[in-house]
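Subject: Structure handover and findings

Dear colleague,

Please find below the structure that I am handing over to you. My notes on it follow directly after.

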Amino acid sequence: MNEVGADADAGGRIVKYLSCARCSRGCHLTVSVCGDRISVAGNACSNGEDYGRQEAMEPLRPLLTTVATDNPLHPRLAVRSERDFPLSRVLEAMEALDAIIARAPLKTGDVLVENLLGTGIRIVARADLPLTSGR
Ligand code: SF4
């Protein structure tokens, strides 16, 4: 998590304190949300403003997990989302991926899920999955 704190004032304004994760400088951002108005302070560049706005509206994270396979010698296959996934839907995504069985053979980067939960985000293999010997 990159959120390091949050406050709310009597006017309904929510202030979040974040570390920008877009580069190693890690600027400390203050993101104020009042209705549909969002302002970002503390960023040294425009990437930080984009990051703060995204975190306020819909935080995204890389989705990294494993799925079951049909190869008993390699019973789990590491997978990832091709781009960052909505944080609010990660548990739902994990449940959906629990039902997946990766069928060998697969190569790193092969697509296992084309459109996870209707987000348009693909799930791809992070490793090769060989056929079981003798098949
Ligand atoms: S605001 Fe810009 S300089 Fe600062 S951490 Fe984010 S990307 Fe890096």
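**Findings**

Leaving aside residues up to four places away in sequence, Pro75 touches Ala68 and Thr69; contact here requires C-beta atoms, placed from the backbone, within 7 Å of each other. Please note that this is a predicted model, in which local features need pLDDT of at least 70, side-chain atom pairs count only at pLDDT 80 or more, and totals for chains, interfaces and linings use all residues. Residues are numbered from 1 along each chain as its sequence is written.

Pro75 is found in the loop between β6 and β7 (76–81). Helices (H or I, at least four residues) and strands (E, at least two) are DSSP runs, numbered from the N terminus. Pro75 is exposed, because 10 other C-beta atoms lie within 10 Å; the class is buried at 20 or more such atoms within 10 Å, exposed at 12 or fewer, and partly exposed in between, with C-beta atoms placed from the backbone.

**The open sheet**

Five strands make up an open sheet with mixed pairing, in the order β9-β6-β7-β11-β10. Strands β9 (101–102) and β10 (111–113) stand at the edges with a single partner strand each, so one side of each has no neighbour in the sheet. Two strands pair if DSSP finds at least two bridges between them. Strand β6 (residues 64–69) is joined to β9 by two bridges, and these strands run parallel. Within this pair, Ala68 stands opposite Ile101 in β9.

Two loops deserve mention. In the loop between β9 and β10 lies Pro105, and the peptide bond from Ala104 to Pro105 is cis, with omega near 0 degrees. The loop between β10 and β11 (123–125) holds Leu117. Although Leu117 is not a glycine, its phi is positive, at about 55 degrees. Leu117 counts as partly exposed, because it has 15 C-beta neighbours inside 10 Å.

**Helix α1**

Helix α1 (residues 46–57) has 12 residues and should span 16 Å at 1.5 Å a residue; its end C-alpha atoms are 17 Å apart, which agrees. The expected span is 1.5 Å times one less than the number of residues. Which residues of α1 are buried? They are Gly48, Tyr51, Gly52 and Glu55. Seen down the axis of α1, these buried residues fall within an arc of 100 degrees, so they line one face of the helix; the arc is that of the directions from the helix axis to the C-beta atoms. Ser46 and Met57, on the other side of α1, are exposed. The cover over the buried residues of α1 includes β2 (14–19), β3 (28–34) and β4 (37–41).

Strand β3 also contains Cys34, which counts as partly exposed because it has 13 C-beta neighbours inside 10 Å. Cys34 touches Gly12 and Arg13, not counting residues up to four places away in sequence.

Yours sincerely

Methods: Two residues are in contact if their C-beta atoms, placed from the backbone, lie within 7 Å.
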